[in-house]
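Student: I would like to learn how to read a structure such as this one, feature by feature. Could you take me through it slowly?

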Amino acid sequence: MDKEERHIFSVMVENRFGVLARVAGLFSGRGFNIDSLNVAETHDKSVSQITLVTHGDAQIIDQIYQHLNRLIDVIEVTDISTGTHVERELLLLKICTDDAQKRAEILQVAEVFRGRVIDTKPASLVVEITGDQGKLEAAIEIFNTYGILELARTGKIAMPRGNAK
Amino acid sequence: MELSGAQTLVDCLKREGVEYIFGVNGGAAMPIFDALYGDSELELIPMRHEQGASHAADGYARATGKVGVVLATSGPGATNLVTGIATAYMDSIPMVAITGQVMTQFIGSDAFQECDVIGVTRPICKHSYLIKHSEEVADVVAEAFHIASTGKQGPVIIDIAKDAQIHKSLFQYSETVDLRSYKPQVDGDSTQIAKAAALIKEAKCPILYAGGGVVLANASEELRELTYKTQIPITVTLMGLGAFPETHPLAMEMPGMHGSCCANYAFTGADLVVAIGARFDDRVTGDLDKFAPNAKKIHIDIDPSCIGKNVPVDVPIVGDAKNVLRELNKLVDTADIDPWRNQIQEWKQKYPFEWTQKGNKVMPQYVMEQIYDHYSDAIVVADVGQHQMWAAQYFKFTEPRQWLNSGGLGTMGFSLPAAIGAQLGCPDKTVVNINGDGSYIMTIQELVPAITMKLPLKIFIINNMYLGMVRQWQELFFDKRYSAVDYHDNPDFALLAQAFGATGLRVEHPEDVEPALLKAKGIDDGPVVIDFIVAEEENVFPMVPAGKGLGDVIRGLS
Ligand SMILES: Cc1ncc(C[n+]2csc(CCOP(=O)(O)OP(=O)(O)O)c2C)c(N)n1
Ligand SMILES: [Mg+2]
């Protein structure tokens, strides 16, 4: 069997009721994996973009591509990971700061990850970090040693590099 | 002029050329049934169960190539359609299923007879629509018919809230449908077609492998031209039977689990397989590791997701079979493969479908041969089980749409209602329904509309008093532990037919088979049911046991 690979699909869909359920249902019904999923409107209000991270061998990835295309509401499917691209994810962390000394340390660590403090309370603060998966996971690991109270992540969005399109 | 959503729906269906709509009435669909009342152009066919209605619409579609239409109410009416929708989906049958839905304001409140039909049917339909406003009706109907009948065909669901049926609005017919997200590729890539032609030229042991897609694409003529021109042996699957005449010397009959040894050996020995509208189904390929191990594969299919799904393909060609074959036919010539042709003929001669008489029992295969002798031009609608396989083996189909069966989902109960749809769609044809005792009783209630409409259906029950196909597996693989397959407690189907108001005959002796078939021929004012009491424990052979390779086909029990 072929090697499993991670792929990022950008799926442009009609901005209609029920489309996400069709996409998600396709994955569960056919036993494909979804590692992360992000949905948002685009500059054209009639079109939504789904960014979907999945993994599988070459045959599975081809099947995913074909089956996404087969959905009537899907306008275009692009496998972004086949070319050079940028990918980003946004992470929000609420960190416990009841120990005043730690607070300074935490701010320093946030700095290292180019994080921004977007809310601060006597006993906690909220840090916003963007980056690729590796960076966010490293941040989570370190902040966990200070005590993460809450965490929210967007899932990946991605875009091909250069001026294609 | 302002029309109600229901009336708009009916008008739009007529514009789509719909002649019949099969249905069962109920609260949330009443405005639509009311709009159909007394309509002389669009005839409402009341069936006895929504499953039956869906199979009738399906049978109509299979026999005519047109879109079949079924109508049901919300909740239980809609859920009763599910089997029929899934059946049509698996075989890519163009169908539009219309369901009433509760009032818009009640959707999501667990209202009486509410069911999320769109949710329930999502994985078993090509597409679906929920209509909440009557203004949407005309566009949705046009899109639904377009989607159901183009590309890889399939069922489309229109769920329409009751208030959208009642509310009046102005509407405009959609003259054309243009969906930016839906553009099926119908023309094959010419470079790929040229590559295919080159492979065909080189091959020493090529075979053609055609499936239901050829029938659906109305490409039977082009398939015949390819075969006649190249003189390459051909096997046609269960779903494609009739696309190529089984009476022709190049025909190897169907492949797969209960297919001919010739076709299965041919796959195993081939150096090239040209698949046309066939999908390398597991019932055809057997163990994939042993499937056509020496063959390059060309795969022509309208659905790109179907290519390379089960078997790696050397030359994929996405396109409509008719268009692709037309182009391919221009590039091919008679193949120089005499030794291979001789080998095929030898297999064919040596391993025909065969059976032996047991005592003085009515043998099911004998009944099939007799049916073929007397009804060779008929449309044959089979149910699911041993009788289906015997029909496929012993009836030599020569025309596309002559053989209708639920090959993909394998839905017991499909055939009687589907035969009703086929007969309505093809009033000048004789329609023979080959049924099993288990399958027949699953949708037996549809005998009522057949009688009411005086449809001259020939309903032939191959009654082995068992769920025979399952019993065969139990005999071969479960130590003869006949769990839940004994149907000796079924009623007398001849008497039951009479009680319904049809002609019912019972045949228990071989010498009575032919007279009964002849008698049935003369009855044309309604259905005739013949209950053939056949040998109970007869098995279907050849057989490729599940998980085995095609070369391991068992020809019979010694
Ligand atoms: C709705 C449904 N339930 C169960 C099955 C499993 N099944 C496949 S063939 C078969 C036996 C069919 O019996 P019968 O109609 O008497 O045909 P026979 O095999 O005896 O010719 C069964 C139960 C099925 N295909 N469909
Ligand atoms: Mg039986």
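Student: Which residue stands opposite B:His127 in β7(B)?

Tutor: B:His127 has B:Val156 of β7(B) opposite. Keep in mind that this is a predicted model, in which local features need pLDDT of at least 70 and side-chain atom pairs count only at pLDDT 80 or more, while totals for chains, interfaces and linings use all residues. Residues are numbered from 1 along each chain as its sequence is written, and chains are lettered from A and ligands numbered from 1 in the order in which they are written.

Student: How many bridges join β6(B) to strand β7 of chain B?

Tutor: Strands of a sheet pair through backbone hydrogen bonds, either parallel or antiparallel. Here five bridges join β6(B) to β7 (residues 155-161) of chain B, and the two run parallel; strands pair if DSSP finds at least two bridges between them. Strands (E, at least two residues) and helices (H or I, at least four) are DSSP runs, numbered from the N terminus.

Student: In what order do the six strands of the open sheet in chain B come?

Tutor: The order is β3-β2-β4-β5-β7-β6, with parallel pairing. Because β3 (43-46) and β6 (127-131) of chain B each have a single partner strand, they stand at the edges, and one side of each is left without a neighbour in the sheet. From one strand to the next, the twist averages 20 degrees, where angles run from 0 to 180 degrees between N-to-C directions and axes are lines fitted to C-alpha atoms, for helices over the stretch in contact.

Student: Which helix packs on the sheet?

Tutor: Helix α3 (residues 50-64) of chain B does, touching β2 (20-23), β3, β4 (68-72) and β5 (95-101) of chain B, and its direction makes about 165 degrees with that of β4(B). Residues are in contact if their C-beta atoms, placed from the backbone, lie within 7 Å.

Student: How should I read two helices that meet?

Tutor: Two packed helices are described by the angle between their axes and the distance between the axes. The axes of α1 (residues 5-15) and α6 (residues 137-149) of chain B come within 9 Å and cross at roughly 35 degrees. On the α1(B) side the contact is made by B:Gly5, B:Thr8, B:Leu9, B:Cys12 and B:Leu13, and on the α6(B) side by B:Val137, B:Ala138, B:Val141 and B:Ala142.

Student: How many residues of chain A are in contact with chain B?

Tutor: 16 residues of chain A are in contact with 12 residues of chain B, and α2(A) gives the most to that side of chain A, with six residues.

Notes: Contact = placed C-beta atoms within 7 Å.
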